[in-house]
Amino acid sequence: MTPASSRTRTVKADSVLVKAVEDARAAAVDVGSEDAVGAHLGHDAEGERVVTHYFACELAGYVGWRWAVTVTRASRSKLITVSECVLLPGADAVLAPAWVPWDERVKPEDLGPGDLLPVADDDYRLEPGYALAEEQDVLDVVQELGLGHEWVLSREGRDDSAQRWFEGDTGPHTDIAKAAPGRCGSCGFSVLLAGTLGHAYGVCTNERTPFDGKVVSHAHGCGGHSDVRLPAPSEDAAEPVVDTLSYELVPLELDAP
């Protein structure tokens with residue numbers, strides 16, 4: 001025998017509420033309009049003396065949606081009560097794209113003059129970097145070492161930047177880098193970044209390349225490497241050959257007397 005706690009009870013639809021299609025339709029029309037409520041699509045038994053009727057939605061832009069009107073009644077009462085009327089998406093409903101937070105939607109090119117890009121208080125890319133000191137001598141040393149910033153780059157923020165630069169157009173995976181005669185790590189035009197990022201990145205200063213002013217990986221490269229030189233003229237070049245075996249008569253035009 002199956003224990004009572006594991007039995008699944010099937011809710012039987014109330015016959016009075018099942019027949020209350022017109023009452024449910026009237027409620028949907030009150031919320032929407034006569035033109036917005038379409039054909040009756042069926043019903044579901046939600047509980048004891050609780051039934052939800054579904055109607056097609058004819059509103060523009062709501063393809064596949066349906067009106068859901070829940071009706072109920074008291075025990076031994078024939079009076080129908082409308083509990084709620086809402087629009088619900090069906091299996092084939094046209095839905096809006098999933099919501100994406102603004103800080104995940106914004107792109108670098110979206111930032112224009114006067115625009116502000118706020119930083120969250122819990123941004124993992126930053127960590128407190130200020131030093132509390134009262135002596136002026138200590139403050140001078142702090143400023144000289146660059147430790148006076150209230151916020152500094154965290155290890156996670158540094159690693160994210162390094163990975164993004166490595167995989168970008170100034171990393172080693174581009175066609176121009178693969179065809180380069182040398183790497184930026186050995187180029188005289190590459191100025192190393194300060195700190196640990198300088199172990200892998202520098203800033204290009206060659207104005208004749210498309211990477212001027214950009215952070216470049218030491219493994220990156222282009223045709224503007226400082227080691228590129230024009231080939232020197234060969235010292236073994238053959239002397240001009242003078243033909244002394246034949247001659248050609250060239251008439252001379254004499255000036256008039």
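1. Helices (H or I, at least four residues) and strands (E, at least two) are DSSP runs, numbered from the N terminus. This is a predicted model, in which local features need pLDDT of at least 70, side-chain atom pairs count only at pLDDT 80 or more, and totals for chains, interfaces and linings use all residues. Residues are numbered from 1 along each chain as its sequence is written, and side-chain values use heavy atoms, with hydrogens and water left out.

2. Which residues of α2 are buried? In this helix, residues 21-31, they are Val21, Ala24, Ala27, Ala28 and Val29. Buried means under 20% relative accessible area, exposed over 50%, and partly exposed in between (1.4 Å probe, protein chains only). The cover over these buried residues includes α1 (15-18). It also includes β1 (37-47), β2 (50-57), β3 (65-72) and β4 (81-89). Contact means heavy atoms within 4.5 Å.

3. Strands of a sheet pair through backbone hydrogen bonds, either parallel or antiparallel.

4. Look at one pairing in detail. How many bridges join β3 to β4? There are eight, and the two strands run antiparallel. Two strands pair if DSSP finds at least two bridges between them. Tryptophan 67 has leucine 87, in β4, as its bridge partner.

5. Check the backbone at two arginines. Arginine 49 has a phi near 55°, a positive value in a residue other than glycine. This arginine 49 is in the loop between β1 and β2. Arginine 76 has a phi near 65°, also positive in a residue other than glycine. Its place is the loop between β3 and β4. Is arginine 76 buried or exposed? Its relative accessible area is 84%, so arginine 76 is exposed.

6. Arginine 49 also takes part in a salt bridge, with glutamate 48. Their closest N and O atoms are 3.3 Å apart. A salt bridge is a side-chain nitrogen of Lys or Arg within 4 Å of a carboxyl oxygen of Asp or Glu. Glutamate 48 is exposed, because its relative accessible area is 58%. Arginine 49 counts as partly exposed, because its relative accessibility is 25%.

7. The count of salt bridges comes to four. One of them joins arginine 73 to aspartate 14, with the closest N and O atoms 2.9 Å apart. This pair links distant parts of the chain, 59 residues apart. Arginine 73 is in the loop between β3 and β4, and aspartate 14 is in the segment before α1. Arginine 73 is buried, with a relative accessible area of 15%. Aspartate 14 is buried too, at 12%.

8. Another salt bridge joins the side chains of arginine 158 and aspartate 159, at 3.4 Å from N to O. Arginine 158 is partly exposed, with a relative accessible area of 24%. Aspartate 159 is also partly exposed, at 39%.

9. Next, the rings. The count comes to two aromatic pairs. Tyrosine 62 and tryptophan 65 form one, 5.4 Å centre to centre with 80° between the planes, and it is edge-to-face. Rings of Phe, Tyr and Trp (its six-membered ring) pair if their centres lie within 6.5 Å; planes under 30 degrees apart count as stacked, over 60 as edge-to-face and the rest as tilted. Tyrosine 62 is partly exposed, at 32% relative accessibility.

10. Why is the pair of tryptophan 165 and tyrosine 201 edge-to-face? Their ring centres are 5.3 Å apart and their planes are at 80°, so the pair gets that label. The pair links distant parts of the chain, 36 residues apart. Tryptophan 165 is in helix α5 (residues 155-167), and tyrosine 201 is in strand β8 (residues 201-204). Tyrosine 201 is buried, at 4% relative accessibility, whereas tryptophan 165 is partly exposed, at 24%.
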